[in-house]
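Subject: Structure for you to look at

Hello,

Please find the structure below. My notes on it follow.

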Amino acid sequence: MQWLVRGLGLLGIALLIWRVATVGLAENYPLSFWMSQAINGLVLGGVYALVALGYTLVYGILLMINFAHGEVMMIGAFTGVFALQFFTALGWMSGPTTMVILALLLIAAAGMLGSIVTGVTLERVAYRPLRGAPRLVPLISAIGASLFLQYSVLLVFGVSPRTYTKPPLLEGGFRLGDVFVPYTGVIIFGASLLLMLALYLIVQRTKLGKAMRAVAEDKGTAALMGIDVDRVIVFTFILSAALAGAAGVMLGFHNTVVKFNSGFIPGIKAFTAAVLGGIGNIPGAMVGALLLGLIEAIGPSALGIPTEYKDIIAFSVLVIVLIFRPSGLLGEVVSEKKA
Amino acid sequence: MRLRSLQRGSRIGAIAFAILTYLILIGLPTRLGAPAMSVLALLAALIFWLALRGGKSKQAFANRAPAPLFLTGTTAGFVAGLLTALLTAGFAQLLMSGVNVQPYLDKIVPMNMAALYGVMPGALVAGEAPAWGWLWQMAFVTLAGVGGALLVLIERALRQRTWSVGGATRWLAILLPFILLGFVIWLGNPAVTLGGNAKGTLRLLMAMAAIGSGLFALRAARPGREQRVLALLLFVGLACLPFTLDQFQNSVMGIVFIFVMMGLGLNIVVGFAGLLDLGYVAFFAIGAYVYAFLSAPFASPAFSSLLTSLGIPAAAPLTSFWLAIPITMVAAGVGGVLLGIPVLRLRGDYLAIVTLGFGEIIRLFMLNLSDLTNGPRGMLNIAPPYLFGYSFGNPRDIFILALLGAGVIAFTAHRLDGSRLGRAWIAMREDEDVAQATGVNLVRTKLLAFAIGALFAGLAGQLYAARQMNIFPDNFTLFVSVDTLSLVIVGGMGSIPGVVLGALALKGLPEVLRGVDEYRIVAFAALLVIMMIVRPEGILPSTRRRRELHSGNEPGAEVAPEPIRIGALTQEGGKA
């Protein structure tokens, strides 16, 4: 049976390559077109990476899919939009450059705070009582929480989308050869790289990060070593929610609107990215997300099919990768049994 | 001791305040009108009761002394009341001073606040709010805290008395479905004017309660002849239902039983075989679309031109509903195998995301392959089932067909559960490696689980298409999968009666509660979370699963008598 599955996978890859060679390259797009697509992909991939890291962090420690993570991000985006309105009303957004930068940082902080409050509450209410239950139980609880957050936001804030108005400073971009690079793209990509670096330092260099890794390895033993497991889990949720909040604000600026259900699709995408890279694996989430962003941006034109199919391409790549590496690109095979 | 009560009380109060604030923010007071404050206080009392009783262990519950209990309750009520009153007073002040909060918080309208104060909205905006209104609110919620404590004491007193029930409740449980059924039929009499406008709703509710209580009655009955006779009688009762309900009620029951069919199929995949499938809607969609192609080929541009080029007239259905059944089922089954092959090696959450992706891929294809599926405009004019020239298109007949389909699937699933394959599924669910070591062919077992689950979903999809007559890609979103999975889990994973009950609770009740449409999904979502915390094994769990989930915390008492019953049941199954 194994050979059949792998054979199908190889067939799929061969088909993809054939299609790219015959259609995508035959179209003769200029290089600058591909470059700008790739830049779009990297920007989107950077945002996905922040959300995917949240999935992976929580999964690494609790072995559960935080299905409501997309909603945590959406609430961050909502908090961000209110903060933006507040600062716009204060006149900071049209003020001098330092003022605008300060305001943007504060907006991001507000978004992160909103997400953190949501994430921690979620953990306390919907996940902590279920620790140790069979795996489907927290998943269903997470699905319930996801629906609850979505529709609560709908009931409280209404159906109409909220708009992120870009400050004049962020409008436009610069030219790099033939390629137009928008400022927001640079900022988003740079900020996500910075946040990922910060996360890496926290996890690898701090005492709490060490505790996190220990809990991920083995909860029981970690507790015996004097680690407060509950505290570490809460801290993990804080970290993952903070990243999601930042991602929410950035995605808000990128998409310009935020709605009650605008966390859902990015959430699923980011989850796909986390699985693609190997869920539970921090570098895996980053790689998977950037790859997914690139595939989504380049894929449709490379395969010569309409952009509506970009989700299909993303999921097909996921399936093909999982056929050859059932635990994702960077996932370890050992972790299977832990589940 | 006193300090601890105060601390605990303030904490409970803060939580209650958060819940009350949420209810105010989603606009519940407007919905309730004048008695808003008293209803909210009543809700608060329930919250306080649940928080105060603690309920972690029976011992701790029995030991609650009245004095600290009342202290805690009163503190909790006071804190919650004070905070709520401050909040509403603040909002009211904002509204009165002309600030429009509504663009930010959708439901904070003068009506909402006015309902809390029990005055006309105009009075509030004009600044004529009762000066001491907030004090009243505080008093109400504080009283609710005291009420909560009182409820705990009452519950404890009730629990301490030993009730000698035994036989009577068992008979009551067995007779209840028939009483309810009788009530439904009696309500159907046009001369009866009970409940006024709510009569239809009441009837629907009663009908669903009758089916649900029937399932409990089957549990309560002694295995053997008693159970079989009861099952027969219930079946007769159920067969009467479609003929006594009206159109709307039948159509609601129809959709409920279509979801029962789906749930039974998913129950095989998730409940028996333990494969978490989040893209189950794909097979439902395949079934629906294949039937649509067979029944309304003219709706699909590419397919109809292909047919005409082959010399087959595309203006009429290609096959009847009945001939289409094997075709749709095979198509869905093939879909199941196709999904199954690439995911053979995947476990747990990897499986979940790939299946989810599969479901989305199918939907996206339906949305974007507009030549074949007519895209978002959907497949229109699908034929209802016909038999000897008689159309089965009306809701009543669809309900009957759904009942029949669900019955056949339930029987098949029940037989599968006890079969060699069923045991292989359970072995695989518990531990794949061990199952393989004991000689279970994993590939075959997994693919069969996917395929059989898909077959049932395909059948459900076909019936759904015949019921709707027009289908659109939007009918097959991820939410259908999520709904189905939730109903399986809420009903009790791996349990066939549980699926029926889950479908009644999750698909039926929301239809009944159309009036409070906005709050439907929120209530449903909250219910899912609460259910997972309070009763993760579902309403009507299979015996095995109940014991799995309660192995640690309730030794002895509940578990001990069970094995005898299982033995009797399996013996019964073996003989029949």
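This is a predicted model. To begin with chain A: for its 339 residues, a compact globule would have a radius of gyration near 20 Å, and chain A has 21 Å, so the two agree. Along the principal axes, the C-alpha atoms of chain A fill a box of roughly 65 × 60 × 40 Å. The chain has 13 helices and 4 strands. Of the 339 residues in chain A, 50% are buried. If contacts in chain A are taken between residues at least 6 apart in sequence, 78% of them join residues at least 24 apart.

The contact between the chains

Chain A puts 43 residues into the contact and chain B puts in 39. On the chain B side, the elements that give two or more residues are helix H16 (348-368), helix H22 (478-491) and helix H24 (517-534). H16(B) gives the most, with 11 residues. By class, the chain B side that touches chain A has 27 nonpolar, 5 polar and 7 charged residues.

One helix pair across the contact

Two packed helices are described by the angle between their axes and the distance between the axes. Helix H10 of chain A (residues 264-277) packs with H16(B) at an angle of about 130 degrees, and their axes are 10 Å apart.

Two residues to check in the backbone

Most residues other than glycine have a negative phi. A:Leu63 has a positive phi, near 55 degrees, and is not a glycine. A:Leu63 lies in the loop between helix H2 (31-62) and helix H3 (69-90) of chain A. With 18 other C-beta atoms within 10 Å, A:Leu63 is partly exposed, because a residue needs 20 or more to be buried and 12 or fewer to be exposed.

B:Asn374 is not a glycine either, and its phi is positive at about 65 degrees. B:Asn374 sits in the loop between helix H17 (370-373) and strand S1 (386-387) of chain B. B:Asn374 has 22 other C-beta atoms within 10 Å, so this residue is buried.

Regards

How values were computed. Residues are numbered from 1 along each chain as its sequence is written. Chains are lettered from A and ligands numbered from 1 in the order in which they are written. This is a predicted model: local features need pLDDT of at least 70, side-chain atom pairs count only at pLDDT 80 or more; totals for chains, interfaces and linings use all residues. Two residues are in contact if their C-beta atoms, placed from the backbone, lie within 7 Å. Ala, Val, Leu, Ile, Met, Phe, Trp, Tyr, Cys and Pro count as nonpolar, Asp, Glu, Lys and Arg as charged, and the others, Gly among them, as polar. The radius of gyration is taken over C-alpha atoms; the globule rule is 2.2 Å times the number of residues to the power 0.38. Axes are lines fitted to C-alpha atoms, for helices over the stretch in contact, and angles run from 0 to 180 degrees between N-to-C directions.
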